[in-house]
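Subject: A structure for you to explore

Hi there,

Here is the structure I promised to pass on. Have a look at it first, then read my notes below.

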Amino acid sequence: MKTDISATARKAWMSLLAQADEAELASLWRGFDHDPAFDWLRPPEAGGVMVRGRMGGAGAPFNLGEMTVTRCALTLANGTVGHAYVQGRSKPKAEIAAKVDALMQTDVATDLRQAVLQPLQNRLAAQRQARAAKAAATKVEFFTMVRGED
Amino acid sequence: MYVAVKGGERAIDNAHAWLAEERRGDTNVAELSLAQIREQMSLAVNRVMAEGSLYDPDLAALAIKQSRGDLIEAIFLIRAYRTTLPRFGYSAAVDTGAMTCDRRISATFKDAPGGQVLGPTFDYTHRLLDFKLAADGEVPQAPIAEPRMEATPHITEFLQGEDIIEREPASDATPGDLTREPMSFPAGRAVRLQSLARGDEGFILGMAYSTQRGYARNHAFVGELRIGKVPVEMEIPELGFAIEIGEVELTECETVNQFKGSKTVPPQFTRGYGLVFGQSERKSIAMALVDRALRWEELGEDNLGAAAQDEEFVLSHCDNIQATGFLEHIKLPHYVDFQSELELVRKLRREAQELAEQMATQEAAE
């Protein structure tokens, strides 16, 4: 059964899956305990994506260097198609990400969000927060030396 | 002339077996894991990713282990590996203005919005060996403060209000890619930046230093240096929209340089730009200085004949894999080449000697 999916919502969960820690994703996925039957549309394949930057951070683009990415696509028994483009070279990670992408388009979406996406999101936010807090502690507080007039 | 030489297989196999043993070192000492290299040798990992031109910390850690810590050899391994990867596409240009900064400093503006954030830096350390590290020890937790979660604006944006610094013309022109087309000159700034970003840190540092010492002098301030992570977005054709395919750590340096102006441009500051994978501060500053020096022609400056102004010289020699490949090949067998040289020199010597003898006989006869 398919529900209407906005591109924004799908972009958000695919982006989250792309940078998820492999071990954590695998563990949450096992916890969800619902491994659907599927057929490969495109079995997992590792490749490179050329990352671009901009001159001066804002000008014309240039090619900076590549990063590793693994992609795959699969179809569930009900015909739902799941895609994955995930950072790194892990085929198991790409497979789980594609299954999550497919199932997020079905009526188990709410449970799946609860079991897998939300914890991933929380962990990522906590990690960012922790680094930002350490960075904030290294912010320089300038003070002006007052020179005596006597 | 090349002549097939047979033999040496057994010696080569045995040499490689010994190499494996030497790589492992004393077996009474615990073996290094890739995770240990990735986590505790992270700046070496960063350098291998930057110059190997492939962002993958696990692969870089493997390359460092395999190369026994010879980073150019590790970069070579990464470059060789990346040629085997199918290219899925090109990312959208990363937005460094949206970076979550671990570090962000400016040498030009004390009170830059967002502040001077030192991050995990070697600066202001005394460069004294810390013998506590020789023993195992617990590291105390780093202090924390109220985190700032909003984006940190680029410092050059503040100068642009007055037009006192040149603007980077906005463009979405497709940049040249030196991994796809061979380099030709003039290369253009996009290809120069790609080449410098993967160029040898030592070479780029030397070139940058030469500009500071007066060869193509263009006094540079570090307008801003920032280190942190940015998401990488790519359009996925089968979906019809873009998603984030991951996150990379980058070091970005923007220099602000003196500029007297030209016939068409009033005096203003100009810019140099450095962007490098990972935490690679020295490299990104050096890259920005060399980028600025190479821009002499478009800014209407004089060619002072300095090496750092010579695009062909810099780009043709900054790649340490090309350089080491050509340099080190001369140690491989050149027996036939040398044999022919030997024959030639012997012949020339014979002729010279015959001539000398003839002269001597002539003189004696006279």
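Strand β1 (residues 38-54) of chain A and β2(B) run parallel, joined by 4 bridges. Strands count as paired if DSSP finds at least two bridges between them, and Met50(A) has Tyr90(B) as its bridge partner in β2(B). Helices (H or I, at least four residues) and strands (E, at least two) are DSSP runs, numbered from the N terminus.

Before going further, please keep in mind that this is a predicted model, in which local features need pLDDT of at least 70, side-chain atom pairs count only at pLDDT 80 or more, and totals for chains, interfaces and linings use all residues. Residues are numbered from 1 along each chain as its sequence is written, while chains are lettered from A and ligands numbered from 1 in the order in which they are written. The model scores ipTM 0.93 and pTM 0.93. For chain B, the mean pLDDT (the predictor's confidence in each residue, from 0 to 100) is 93, and 99% of its residues reach 70 or more.

How many residues of chain B are in contact with chain A? There are 68, and they touch 49 residues of chain A; contact here means C-beta atoms, placed from the backbone, within 7 Å. Several elements of chain B supply at least two residues each to this side, including α7 (189-197) and β6 (270-277). β5(B) gives the most, with 9 residues.

Next, look at two helices inside chain B. Helix α5 (residues 71-82) and helix α11 (residues 320-328) of chain B pack at an angle of about 105°, with their axes 10 Å apart. α5(B) and α11(B) are therefore roughly perpendicular to each other, a label for angles of 65 to 115 degrees.

Helix α3 (residues 42-52) of chain B is mostly covered, with 8 of its 11 residues buried. Buried means that 20 or more other C-beta atoms, placed from the backbone, lie within 10 Å of the residue's own. Among the buried ones are Val45(B), Val48(B) and Met49(B). After α3(B) comes Ser53(B), with a positive phi near 60°.

Finally, find Arg295(B) in the loop between α9 (281-294) and α10 (311-317) of chain B. Why does Arg295(B) count as buried? Because Arg295(B) has 21 C-beta neighbours inside 10 Å. Its C-alpha atom is 8.5 Å from that of Gly272(B), 23 residues away along the chain.

Happy exploring!

Definitions and conventions: A residue is buried if 20 or more other C-beta atoms lie within 10 Å of its own, exposed if 12 or fewer, and partly exposed in between; C-beta atoms are placed from the backbone. Two residues are in contact if their C-beta atoms, placed from the backbone, lie within 7 Å. Axes are lines fitted to C-alpha atoms, for helices over the stretch in contact, and angles run from 0 to 180 degrees between N-to-C directions. Angles under 35 degrees count as roughly parallel, over 145 as roughly antiparallel, 65 to 115 as roughly perpendicular and the rest as oblique.
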